[in-house]
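I opened the model today to look up two things. The ligand site comes before the surface.

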Amino acid sequence: MIELTGLRKVYASPDGDVVALDGIDLHVERGTVHGIVGRSGAGKSTLIRCLTGLERPTSGTVRVDGVTISDLAENKLRAARRRTGMVFQHVNLLDSRTIAANVAYPLEVAGVRRHERAARVAELLDLVGLGDRAGAYPAQLSGGQKQRVGIARALATEPGVLLCDEPTSALDGETTRQILGLVRDLRDRLGITVVVITHEPAVVRDVCDHVTLLEHGRVVQTGALAQVVTAVGSPLSRALVPVPDLPPGDRRALVEAVFSTDAVPTSVAFAAVAALGDDVEVASATVEPLGGVRVGRLIVDAPTGRVPEVVERLRAAGLDPLAVPTATDAGREVA
Ligand SMILES: Nc1ncnc2c1ncn2[C@@H]1O[C@H](COP(=O)(O)OP(=O)(O)OP(=O)(O)O)[C@@H](O)[C@H]1O
Ligand SMILES: [Mg+2]
């Protein structure tokens, strides 16, 4: 479990102080995959570096599995760091070592005996699906395979927490899916907590249980995936549930609702629109599984003057509608 309380990080720079983290309160449940999204410079990497103890907070506390990392003296930090495995976008493998020897490296540093090391390395390579490539060198591997080695190496010291900073940004779509499948599988099999920084909506949608949006070092939105995407008009809902490009046509005004189809069946939503008469139309309707629920997004096209009536009718049907100027100006990328 991870608990951040009032976490602040201020960097001194020649141009003055940079507030990278400005009072972060965040709780990450054990055994969950937590996504961190936000624009470049939002403070995502700083947050992860504070979690590993690589960076000392200016103020506030960082607790990982009951240990207050932010209070530890330098000499205790090294041992504490073994509790968190790190995976980066670019895996820095030692080219002169086989992949088995790369995975063994953190175990050597930790003083694990040779025969124990060998057994553990074999187990780790099996875990990431590279059991038959132990003797290969990094140059002989694909990008996805290298990332698997990076994950095996990060897990070598049996950390309770795996921290991933853009782990799949350098990989193609299919390889990304495989790596994310592996991460989820590891979470299920090892019960580890995973924090993953990403700018790819697909990563959040496919692998995260919870997600947090950072802006200027602050938490703008956080919660379970199903909950944040059904918060209509919320930045994460916009970013994670695609808003279709509607043809311009002779559109008048749009009203949008995002909902769990468990709470409001699509037939009920459609019936509410139908009851409004012929000049009110469904401009777009999508339903897709996300965060363990089926998420519907309904966009209704109506004469401008009837918007309040549409909103009221949809609300009566159990939806939480919002009048939007246009649906097409919403961004698709995560922040
Ligand atoms: N060592 C440092 N010294 C001074 N400023 C820093 C340092 N590291 C980060 N910063 C600043 O802190 C802010 C947050 O940086 P951070 O790297 O955490 O952002 P990020 O969200 O990871 O961005 P990106 O998506 O580009 O990786 C930025 O304004 C950055 O310039
Ligand atoms: Mg970063």
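My entries on the ligand site and a surface patch follow.

**Entry 1: the model.** I am working from a predicted model.

**Entry 2: the shell around ligand 1.** Which residues surround ligand 1? I listed Tyr-11, Val-18, Ala-20, Arg-39, Ser-40, Gly-41, Ala-42, Gly-43, Lys-44, Ser-45, Thr-46 and Arg-49. I then sorted the shell by residue type. Four of its residues are nonpolar, five are polar and three are charged.

**Entry 3: polar contacts.** Thr-46 has a polar side-chain atom 2.5 Å from a ligand oxygen. For Lys-44, a polar side-chain atom sits 2.7 Å from an oxygen of ligand 1. Gly-41 uses its backbone instead: an N or O atom there is 2.8 Å from a ligand oxygen.

**Entry 4: cover and elements.** How much of ligand 1 does the protein bury? Alone, the ligand exposes 630 Å², and the protein buries 61% of that. I looked next at where the shell comes from. Strand S2 (16-28) and helix H1 (44-52) are the elements that each give two or more residues. H1 gives the most, with four residues.

**Entry 5: a surface patch.** Leu-94, Tyr-105 and Val-109 make a nonpolar patch of about 250 Å². I placed Val-109 in helix H3, which covers residues 99-109. Is Val-109 buried, partly exposed or exposed? Its relative accessibility is 40%, so I noted Val-109 as partly exposed. That class runs between the 20% and 50% cut-offs.

How values were computed. Residues are numbered from 1 along each chain as its sequence is written. Chains are lettered from A and ligands numbered from 1 in the order in which they are written. This is a predicted model: local features need pLDDT of at least 70, side-chain atom pairs count only at pLDDT 80 or more; totals for chains, interfaces and linings use all residues. Side-chain values use heavy atoms; hydrogens and water are left out. A residue is near a molecule or strand if one of its heavy atoms lies within 4 Å of it. A polar contact is a pair of N or O atoms within 3.5 Å; within protein, one must be able to donate a hydrogen and the other to accept it, and residues adjacent in sequence count only if both atoms are side-chain atoms. Accessible areas come from the Shrake-Rupley method with a 1.4 Å probe; for residues, only the protein chains shown count as cover. Ala, Val, Leu, Ile, Met, Phe, Trp, Tyr, Cys and Pro count as nonpolar, Asp, Glu, Lys and Arg as charged, and the others, Gly among them, as polar. Patches are made of residues with over 30% relative accessible area and no salt bridge: like charges are joined within 9 Å, nonpolar side chains (Val, Leu, Ile, Met, Phe, Trp, Tyr) within 5 Å. A salt bridge is a side-chain nitrogen of Lys or Arg within 4 Å of a carboxyl oxygen of Asp or Glu. Buried means under 20% relative accessible area, exposed over 50%, partly exposed in between (1.4 Å probe, protein chains only).
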